[in-house]
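Please open the structure in a viewer and keep the selection tool at hand.

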Amino acid sequence: MFTIPTDCRYTKTHEWVRLDDDGAFTIGITDHAQELLGDVVFVELPNVDAELRAGDEAGVIESVKAASDLYAPLAGQIIAVNELLDEQPDLINQDAYGGGWIFRMKALSPDDWQDLLDASDYQQLISGED
Amino acid sequence: MLIFQRSVEGRVALGQWVDGDLDLSDLPEAGLRQTKAVLPEVSELQVVRHYTGLSQRNFGIDTHFYPLGSCTMKYNPRGVHEMAMQPQWLSRHPLSAVDDHQSFLKILFELQQYLSDITGMPGVSLTPMAGSQGEFVGVAMIKAYHDANNDTERTEMIVPTAAHGTNPASAVMCGYTVKEIPTGSDGNIDVDQLREMVGPKTAGIMLTNPSTLGIFSRRIKDVSAIIHEAGGLLYYDGANLNAILGKVRPGDMGFDVMHLNLHKTFATPHGGGGPGAGPVAVADRLKPYLPIPTVVFENEKYRWTTKNDSPDSIGRLSCFMGNAAILLRAYLYIRLLGRKGLTRVADFATLNANYIMKRLQQAGFECAFPDRRASHEFVISFKKEKKQWGVSAMDIAKRLLDYGCHAPTTYFPLSIPECFLIEPTETESKQELDHFIDALIKIRGESETDPELVKTSPHTCVVKRLDDVKAVRELNLTWKPTIND
């Protein structure tokens, strides 16, 4: 069974999105996604300050099995990226919701976060895939 | 062990030494090496043992069944190789006078004609030196065509989600934006969605038919009509041509341009990164853009074409005619099999794939598209096995090595979880196919009763599980010997 924290929101493309105390959002890929990908070997991070629309490509995750695009879950600006992933991409496998975070962004309309999938919606989505 | 590690200073293989003294007096001083050459110093027998030993560790088509889906690992007839190794071919030089190599030019000219006939496309250029280069050439010609029509707003190339990764890569190399189209549950691309996707920005679509899922797209005529009506062109990836040889031609399906992987369909050597050949074939409207040189027959003579013959050519991809020795082998293979033989290739490639698929289905394996007949390859998924016993497609792939079978392609296409793409090719006997099927059935049993056995496999190979992550992150192909000057 995969971990799906209830304090996050989710996308159909398997990103998790957490609302932080400062009102910005932290984004990573879900436990389910890292399990499907297998050992992650490279992460192409977005540029800090980049302005993205929801659904825009925000980076690439490459595993021993496949290369897979990472998408911005919300419209907004990238304010930080997890540079540790350059040297330790396997943090995504080890700690998908913690040390394996990928980027942080400031959303144009933070309320859109509420419209993303909640934990039970996401649970349903991935059990549908099985 | 590397051959350098067997080296002992001063050891030589005199049996291979040149007769007499070498006269180097006409070499320019500046060109002479100042330091000792870094070469292994070993005896002849050591060389023989070293390379024979390496070849014995190899898991290849000469030793094992090799059903690597999408790669068409068929047998290369030894006779073709023997004919291609005749001295009259080996001693050819492309810069010798055209009158002196009419025979080789004739072969290339006829190969152009054969490939044109097989693909249903009037124009052929043999020069691209790999399938990937052929793809690049194909998309570059589509671009040249749109540019020549001042149709420069066409920036999008449509590619199915199940396509080979090289397709979107080639499109991007030529400056296009890739638009992905999903595959429906029946394995066909979604024609209704395609109709909505196309428009004035559509440069074309890149497809293979049968697809990478091993399914022949029944609505290919609809697809080509939609793309052509929108002003785009259709690119055919020749990766799966083996399935349809002599049965249906990409040109007749409505495709405008394609590449052929000679190593897949026409049994030239595979792998090792080459030497390869990826000829391209085109419909009339793309003929002016074909790469040069091609070979033409004029005034009872064969000759190379130049930029004067094709001023709109996209240019050269290789010196002369690419890997001519590979082209020669494809020519000989086609001549050896003939028109009927090539059609039988498709018959048996398809029969073998369907035989394995049916038996696996009967044994309880889950096919990705159980209602569709396989083309020359098909997809099975081990999702159930993974869930029940924790045994992944990769574990089963590794265990197959213990049973003397190379693993099929794993985890591709990406859209099917825990999958194998199985392609037996036409060159395997029923006994080999049965051995493979029985091995898979046994492994499935082991997965239930002793999953650890499968998860820790292979147990019989020289090399066990490799560290995939280290291999990718610390790729180091250079070994430097310590040099004593």
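Helices (H or I, at least four residues) and strands (E, at least two) are DSSP runs, numbered from the N terminus. The model is predicted, so that local features need pLDDT of at least 70 and side-chain atom pairs count only at pLDDT 80 or more, while totals for chains, interfaces and linings use all residues. Residues are numbered from 1 along each chain as its sequence is written, chains are lettered from A and ligands numbered from 1 in the order in which they are written, and side-chain values use heavy atoms, with hydrogens and water left out.

**First selection: Thr127(B)**

Select Thr127(B), in the loop between E1 and H5 of chain B. Thr127(B) has a relative accessible area of 0% and is therefore buried (buried means under 20% relative accessible area, exposed over 50%, partly exposed in between; 1.4 Å probe, protein chains only). The side chain of Thr127(B) makes a polar contact of 3.4 Å with that of Ser125(B). A polar contact is a pair of N or O atoms within 3.5 Å; within protein, one must be able to donate a hydrogen and the other to accept it, and residues adjacent in sequence count only if both atoms are side-chain atoms. Beyond the neighbours within four places in sequence, the contacts of Thr127(B) include Gln133(B), Pro291(B), Leu317(B) and Phe320(B) (contact means heavy atoms within 4.5 Å).

Next, display the strands of chain B: 7 of them form an open sheet of mixed pairing, in the order E1-E7-E6-E5-E4-E2-E3. Two strands pair if DSSP finds at least two bridges between them. At the edges are strand E1 (123-125) and E3 of chain B, each pairing on one side only. From one strand to the next, the twist averages 20 degrees (axes are lines fitted to C-alpha atoms, for helices over the stretch in contact, and angles run from 0 to 180 degrees between N-to-C directions). E1(B) and strand E7 (residues 280-282) of chain B run antiparallel and are joined by 3 bridges; Val124(B) stands opposite Ala281(B) in E7(B).

How many salt bridges does a search of the whole structure find? Over all chains, the search finds 33 salt bridges. A salt bridge is a side-chain nitrogen of Lys or Arg within 4 Å of a carboxyl oxygen of Asp or Glu.

Select Lys179(B) and Glu156(B), whose side chains meet in a salt bridge at 3.7 Å, N to O. Lys179(B) lies in strand E3 (residues 177-181) and Glu156(B) in strand E2 (residues 156-160) of chain B, so the pair ties together parts that are 23 residues apart in sequence. Lys179(B) is partly exposed at 29%, whereas Glu156(B) is buried at 14% relative accessibility. Then select Asp117(B), Arg249(B), Asp252(B) and Arg339(B), which a network of salt bridges links.

In chain A, select Arg104(A) and Asp20(A), a salt bridge with its closest N and O atoms 2.9 Å apart. Both Arg104(A) and Asp20(A) are buried.

Finally, select Ala72(A), in the loop between strand E7 (67-71) and strand E8 (76-81) of chain A. Ala72(A) is buried, with a relative accessible area of 2%. Residues up to four places away in sequence aside, Ala72(A) touches several residues, among them Leu52(A), Asp56(A), Phe103(A) and Met105(A).
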